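Reader: I've got a model open and a few things to ask about it. Could you walk me through the details?

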Amino acid sequence: MTADLRKSDPPMTVRRLAHLGGVTVHVVRNYLRRGLLRAASHTEAGYQLFSTAELHRLHFIRTAQRLGFTLAGIEEILRRSRQRKSPCPLVRDIISRRLTETRDQLEQLLALQTRMEQAVAQWSRLPDAVPTGSDVCALIEAVAASEAAAVPKSTSRRLLGRRASAEEKTS
């Protein structure tokens, strides 16, 4: 969907820029509001016109986003570039932090996947039940009970919650 334009190509409207950049008009307008893109000129009717440099910048922004950069980070990179300061140290720092964050998120997701798989296996052996007393769902209550049982006795009752504390009293 993207296309290369020559320097001699006429200026582009928002719609044309969006089409060539593979994004929606709303994305281009958002980038304009944030100062990530700038119109080269305006028509007499007030339409914004863009040069091929802005198409290149749009491709840069989208590539940076695919690498995990936020729009705020991209704004800072572009600001430094406009000031003729190397954004490379900032880029390395941001991507290193984002990589660490992504690894942490992945570990959390993998732990969640494991808990979900264990729940599905446990629930396949349990019958459907109608809530009684203060119970809401027997399936989730079963997970809560098994998690509470797995916590060492030396763990503070305050940290275990009311249900686990009640179970310790009956033990």
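Author: Grid points are joined across faces, edges and corners, and a volume is the space filled by probe spheres set on the points. One caveat is that this is a predicted model, where local features need pLDDT of at least 70 and side-chain atom pairs count only at pLDDT 80 or more, while totals for chains, interfaces and linings use all residues. Residues are numbered from 1 along each chain as its sequence is written, and side-chain values use heavy atoms, with hydrogens and water left out.

Reader: What volume does the largest pocket have?

Author: Rolling a probe the size of a water molecule over the atoms shows where empty space is left. For the largest pocket, the volume comes to about 160 Å³.

Reader: Which element gives the largest share of the lining of the largest pocket?

Author: The lining is made of Leu112, Arg115, Met116, Gln118, Ala119, Gln122, Val143, Ser146 and Glu147. Two elements give two or more residues to it, α5 (88-123) and α6 (138-150); helices here are DSSP runs of H or I with at least four residues, strands are runs of E with at least two, and both are numbered from the N terminus. The largest share, six residues, comes from α5.

Reader: Is alanine 119 buried or exposed?

Author: Alanine 119 sits in helix α5. Buried means under 20% relative accessible area, exposed over 50%, and partly exposed in between (1.4 Å probe, protein chains only). With a relative accessible area of 9%, alanine 119 is buried.

Reader: How far apart in space are alanine 119 and isoleucine 140, C-alpha to C-alpha?

Author: Isoleucine 140 belongs to helix α6, and at 54% relative accessibility it counts as exposed. Along the sequence, alanine 119 and isoleucine 140 are 21 residues apart, and in space their C-alpha separation is 8.3 Å.

Reader: And what separates the C-alpha atoms of arginine 115 and valine 143?

Author: Arginine 115 lies in helix α5 and is partly exposed, at a relative accessible area of 44%. Arginine 115 and valine 143 are 28 residues apart along the chain, with their C-alpha atoms separated by 9.2 Å.

Reader: Which residues have the most contacts inside the largest nonpolar core?

Author: A nonpolar core is a set of buried Ala, Val, Leu, Ile, Met, Phe, Trp, Tyr and Cys residues joined through side-chain atoms within 4.5 Å. The largest one has 23 residues, and those with the most contacts inside it are Leu17, Val28, Tyr31, Leu36, Leu37, Ile61 and Ile74.

Reader: Leaving aside neighbours within four places in sequence, which residues is tyrosine 31 in contact with?

Author: Contact means heavy atoms within 4.5 Å. With those neighbours left out, the partners of tyrosine 31 are Leu36, Leu37, Leu58, Ile61, Arg62, Gln65 and Leu71.

Reader: What covers the buried residues of α1?

Author: The buried residues of α1 are Val14, Leu17, Ala18, Leu20 and Gly21. Their cover includes α2, β2 (48-49) and α3.

Reader: Where does arginine 84 lie?

Author: Arginine 84 has a phi near 60°, a positive value in a residue other than glycine. Its relative accessible area is 75%, so arginine 84 is exposed. Its place is the loop between α4 and α5.

Definitions and conventions. 1 Å grid on protein atoms, 1.4 Å probe; cavity = no way out; pocket = protein on both sides within 12 Å on 5 of 7 lines; lining within 4 Å.
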